[in-house]
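Let's walk through this fold together, one element after another. Please have the sequence and the 3D view side by side.

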Amino acid sequence: MNKAIFLDRDGTLNPDPGYISSPKDYCLFEGVGEALAKLHNAGYLLILVTNQSGISRGLFTEKQLEAVHEKMNNLLGQFGVRLDAIYYCPHHPDFPYNGVTECSCRKPKPGMILQALKDYNIDKENSFVIGDRTSDIKIGLSSGVSPVCIAVKPFKEFEEIPTFPTLSEAVDWILLKK
């Protein structure tokens, strides 16, 4: 079985200015490429799980999202790393997309992670979810994958969840645990 790191995108890998619809508006946080390279070299699959309701809201298309993700992978490639998979939810409860408003993939629902567990034969006991919001913590808890939070301080209702100010520090902690 494979071990994996499930990564949130906006606020975890890159600044979150709002809906990113163009590759020119995408950049990584400092240290992200190096941190993900460490995980990759330690044998973890790197899997993005991201809500992208800008699609259902009509702010950008799936093709535009693919272009942003292509730039993200190109930036990561400078560090010898590439995401192994990208899962995204285009849905929003208030904005139907292809007739769907209620789905099983919008975080904090576990649909994206559950699908990846099947697709990549992932051992959830040796895997982690890293994100910056309570929805990222909840998707980890509901899917049985240990959550790690990127925040200045722990969220009040999740004080027991390991919390670090940067992705680099979270990665160093994960690598010490293995």
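Before we look at packing, one term: contact here means heavy atoms within 4.5 Å. Keep in mind, too, that this is a predicted model.

An α-helix has 3.6 residues a turn, so residues three or four places apart point the same way. After α1 comes G43, with a positive phi near 95 degrees.

Now turn to the sheet. It is open and built from 6 strands with parallel pairing, in the order β3-β2-β1-β4-β5-β6. β3 (85-89) and β6 (163-164) stand at its edges with a single partner strand each, so one side of each has no neighbour in the sheet. Further in, β4 (residues 128-131) and β5 (residues 146-150) run parallel and are joined by 4 bridges. One of the residues to look for is G131, whose bridge partner in β5 is C149. Helix α2 packs on the sheet, where it touches β2 and β3, and its direction makes about 145 degrees with that of β3.

Finally, let's visit the largest pocket, which holds about 360 Å³ of space. Its lining counts 17 residues, and D10, D16, N51, R106 and R133 lie nearest the centre. β2 and α4 (134-143) each supply at least two residues of this lining. What classes of residue make up the lining of the largest pocket? There are 8 charged, 7 polar and 2 nonpolar residues.

Technical notes:
Residues numbered from 1 in each chain as written. Predicted model: local features only at pLDDT ≥ 70, side-chain atom pairs only at ≥ 80, totals over all residues. Heavy atoms only, no water. Pairing = 2+ DSSP bridges. Axes fitted to C-alpha atoms, helices over the stretch in contact; angles between N-to-C directions. 1 Å grid on protein atoms, 1.4 Å probe; cavity = no way out; pocket = protein on both sides within 12 Å on 5 of 7 lines; lining within 4 Å. Points joined across faces, edges and corners; volume = space filled by probe spheres on them. Nonpolar A, V, L, I, M, F, W, Y, C, P; charged D, E, K, R; others polar.
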